[in-house]
Amino acid sequence: MRSTKARALVTVALMAFTAFGAGCSSDSSSSQVSTSAEASPAQQDGGHRKLDQLVGEWNGAKSTFIAGGTADNPIKSDITSRWHWIGKTGNNFMQEEAEGSFGGKPYYRLGTLGYSPTDDRYEWSTVDSVTPMMMTYKGTKASGGAADIVMVGEFTDPGVLGPQFVGKTIPMRTEIKLESADRATMEIYFAPPGEAERIADRVILTRK
């Protein structure tokens, strides 16, 4: 009698587990379909589609006006800039990877560029081999429809603007100009305390 009861309980448990497993399999499949749909470029809005122009590999003519460069004598270098959509984010964000040289040393930058439909603005964060911190910029709300992408932020100067500004909070601004299918310009501006805003870096991108 006890053995018959035990077998019955095991049978019920196995049936419940099988049903649960089937339910999980169905949910997982639905989740995968949803993710696949979200990753489709056709699902992007106009703010994201505007960035499609950056996808691909570019030659970058880089001029740096700080960290040893000046307005009259910038440090010039050549970089390669590669842009692609991050599919696992549903193509909500782009990644840029730039490599080359700066001041005779290897140069590297990794950037993430996105568009916020809720705020109708672009957002940009970078890490590189020159400044030991993340640089983060956001456009003003409702600025996404402007011809140029303009985003602002601030950072604590580690010394790139000179010893007098070490530890100071420096407002900064990035502009991305999508001039044509084969040319774009990226510029960074800094505004040291008590001084007028100055250009810090310019990269002219031409498609390879």
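Modeller: Trp83 has a relative accessible area of 3%, and because the cut-off for a buried residue is under 20%, Trp83 counts as buried. The model is a predicted one. Trp124 is likewise buried, at 3% relative accessibility. There are three aromatic pairs. In one of them Trp83 and Trp124 are stacked, with 5.7 Å from centre to centre and 20° between the planes. Trp83 belongs to strand 2 and Trp124 to strand 5, so this pair ties together parts that are 41 residues apart in sequence. The rings of Phe155 and Phe190 form a tilted pair, because their planes stand at 45°, with the centres 4.8 Å apart. Phe155 is in strand 7 (residues 149-156) and Phe190 in strand 9, so that pair links distant parts of the chain, 35 residues apart. Phe155 and Phe190 are both buried.

Trp83 also has a place in the largest nonpolar core, which holds 35 residues. Those that touch the most other members are Leu51, Leu54, Trp83, Leu113, Met151 and Phe190. Leaving aside residues up to four places away in sequence, Leu54 touches Trp83, Met94, Leu113, Leu178 and Ala184.

Strand 4 (residues 105-116) is joined to strand 5 (residues 121-128) by eight bridges, and the two run antiparallel. Ser116 stands opposite Arg121 of strand 5. Four residues lie between the strands in this hairpin, where Asp120 takes a positive phi near 50°. Strand 5 also pairs with strand 6 (residues 135-138) in the antiparallel sense, over four bridges. Here Glu123 stands opposite Lys138 of strand 6, and the hairpin that joins strand 5 to strand 6 runs through six residues.

Turning to charge, the structure holds 16 salt bridges. Arg82 lies in strand 2 (residues 75-85) and Glu99 in strand 3 (residues 93-102), so the pair ties together parts that are 17 residues apart in sequence. Arg82 is partly exposed, with a relative accessible area of 35%, and Glu99 is partly exposed at 38%.

Another salt bridge brings together the side chains of Lys208 and Glu57, at 3.2 Å from N to O. Glu57 is in strand 1 (residues 56-64) and Lys208 in the segment after strand 10 (198-207), so this pair ties together parts that are 151 residues apart in sequence. Lys208 counts as exposed at 53% relative accessibility, whereas Glu57 counts as partly exposed at 32%.

Glu187 and Arg202 meet through their side chains in a salt bridge of 2.7 Å, N to O. Since Glu187 lies in strand 9 (residues 183-190) and Arg202 in strand 10, the pair ties together parts that are 15 residues apart in sequence. Glu187 is buried, with a relative accessible area of 6%, while Arg202 is partly exposed at 28%. These two residues belong to a network of salt bridges that also links Arg173, Glu175, Lys177 and Glu197. Arg173 has an aromatic neighbour as well: its charged end sits over the ring of Tyr189, 4.4 Å from the ring centre.

Notes
Residues numbered from 1 in each chain as written. Predicted model: local features only at pLDDT ≥ 70, side-chain atom pairs only at ≥ 80, totals over all residues. Heavy atoms only, no water. Core = buried A, V, L, I, M, F, W, Y, C linked by side-chain atoms within 4.5 Å. Buried < 20%, exposed > 50% of the residue type's maximum accessible area, 1.4 Å probe, protein only. Contact = heavy atoms within 4.5 Å. Pairing = 2+ DSSP bridges. Salt bridge = Lys/Arg side-chain N within 4 Å of Asp/Glu carboxyl O. Phe/Tyr/Trp six-rings, centres within 6.5 Å; stacked < 30°, edge-to-face > 60°. Lys NZ or Arg CZ within 6 Å of the ring centre and 35° of its normal.
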